[in-house]
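Good morning, and thank you for coming.

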Amino acid sequence: MEVRDLETILSEYEMVALIANSEGVDVEAVSRGLPERTLYIFFTGCAKVLARPFDKDAILCHRLVSGGTRFLKSKKHFDKAYALFSRPPRAEIGVLADRGVPEGTPGMTAPRRSALVPYTLDFDYVFGSLYPVGRMPTTGFAVALWLLERASHANVCLCGFTGVAGMQFNMHVEHDWTFEQIMLRCFVKRGRLRFFEEGVSGPAGTLERICRHFPELNESTIALIASNVLANRYTGMERQVARLWASTKLERRIRAFFKRFSR
């Protein structure tokens, strides 16, 4: 499958909805609230968010590792995912997205391809040194950014992309969640995408409310004030985390000691 084939599929729909594997997403509410001609994009671990087989048009995305020679998820996750679609996905996409590299690093001469999937999305080839150094894009962010930058006709809706840790599912530290949320919010400002949950409840964001209350201050001034407040709060949080880390030093040593015997 070539990129033009994938773009042809996308062009058949009024909207493209990306469904995060997040406890913040309600798939049934999403399918009720979006247009009939919506294409849904799921990820390998979609068993976390699908309670029953999904009967609408969908694409399934998988994370590739080791240069595209294997999948990140095991076969059992694939079996669970396939069982949750009433009909085969319209396409399957493999996503390659390694850790960010410093600016000035020579770019790839050609996109990588994987024999495991019909279409390979190579984030590193398309976006180069965009992502923060040493951190790794989430699969959802990689697909969303590709849609926004490369499929300009696509009307994109993000579902469950909160960037906030919940009580059930892990948020892996190798991803730069703050960077991703800032990027996605910039696309919202440009009118290129929307967050489903915000469209349903319609709440004004914190900065929007403050801007309305202080019309004499421009957005950049309020954003600067907000960034200083957040920086202070973040510094305080770091200190608390450092204290917590120090207080659990003995427990971690004990766990590491016994872990050697459980291998």
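A word on the source first. This is a predicted model, in which local features need pLDDT of at least 70 and side-chain atom pairs count only at pLDDT 80 or more, while totals for chains, interfaces and linings use all residues. Residues are numbered from 1 along each chain as its sequence is written, and side-chain values use heavy atoms, with hydrogens and water left out.

Let me begin with the strands. Helices (H or I, at least four residues) and strands (E, at least two) are DSSP runs, numbered from the N terminus. Burial is judged by relative accessible area, with a 1.4 Å probe and protein chains only: under 20% is buried, over 50% is exposed, and in between is partly exposed.

Strand E3 covers residues 58–65, and eight of its eight residues are buried, so the strand is largely enclosed by the rest of the structure. Which residues point which way from E3? Ala 58, Leu 60, His 62 and Leu 64 point one way, Ile 59, Cys 61, Arg 63 and Val 65 point the other way, and all are buried.

Now to the neighbours of E3. Two strands are said to pair if DSSP finds at least two bridges between them. Strand E2, residues 38–43, runs parallel to E3 and is joined to it by four bridges; here Ile 41 has Ile 59 of E3 as its bridge partner. Strand E5, residues 91–96, also runs parallel to E3, with six bridges joining the two. Within that pairing, Leu 60 is partnered by Glu 92 of E5, and His 62 by Gly 94 of E5.

In what sense do E3 and strand E4 pair? E4, residues 70–71, pairs with E3 in the antiparallel sense, over two bridges. Val 65 stands opposite Arg 70 in E4. The two strands form a hairpin with four residues between them, and Ser 66 in the turn has a positive phi of about 55°.

E5 itself has five of its six residues buried, so E5 is largely enclosed by the rest of the structure. E5 also pairs in the parallel sense with strand E6, residues 119–122, over four bridges, and the bridge partner of Val 95 in E6 is Leu 121.

I turn now to empty space. Rolling a probe the size of a water molecule over the atoms shows where empty space is left. On a 1 Å grid over the protein atoms alone, a cavity is a set of points where a 1.4 Å probe fits but cannot get out, and lining residues have an atom within 4 Å of a point. Grid points are joined across faces, edges and corners, and a volume is the space filled by probe spheres set on the points.

How many cavities of 30 Å³ or more does a search of the whole structure find? The search finds one, and the largest cavity has a volume of about 40 Å³. Its lining consists of Leu 6, Leu 10, Ile 41, Cys 61, Ile 93, Leu 121, Val 143, Trp 146 and Leu 147. Helix H1 (3–11) and helix H5 (139–150) each supply at least two of the lining residues, and H5 gives the most, with three. The lining divides into nine nonpolar residues, no polar and no charged; Ala, Val, Leu, Ile, Met, Phe, Trp, Tyr, Cys and Pro count as nonpolar, Asp, Glu, Lys and Arg as charged, and the others, Gly among them, as polar.

Next, the aromatic rings. Rings of Phe, Tyr and Trp (its six-membered ring) pair if their centres lie within 6.5 Å; planes under 30 degrees apart count as stacked, over 60 as edge-to-face and the rest as tilted. The whole structure holds 13 aromatic pairs. One of them joins Phe 123 and Tyr 131 edge-to-face, at 6.5 Å centre to centre and 80° between the planes. Phe 123 is buried at 1% relative accessibility, and Tyr 131 is buried at 2%.

Phe 123 and Phe 141 have ring centres 6.3 Å apart and planes at 50°, so this pair is tilted. Phe 123 lies in helix H4 (residues 123–127) and Phe 141 in helix H5, so the pair ties together parts that are 18 residues apart in sequence.

Lastly, Gln 240 lies in helix H9, residues 219–247, and is partly exposed at 47% relative accessibility.

Key:
1 Å grid on protein atoms, 1.4 Å probe; cavity = no way out; pocket = protein on both sides within 12 Å on 5 of 7 lines; lining within 4 Å.
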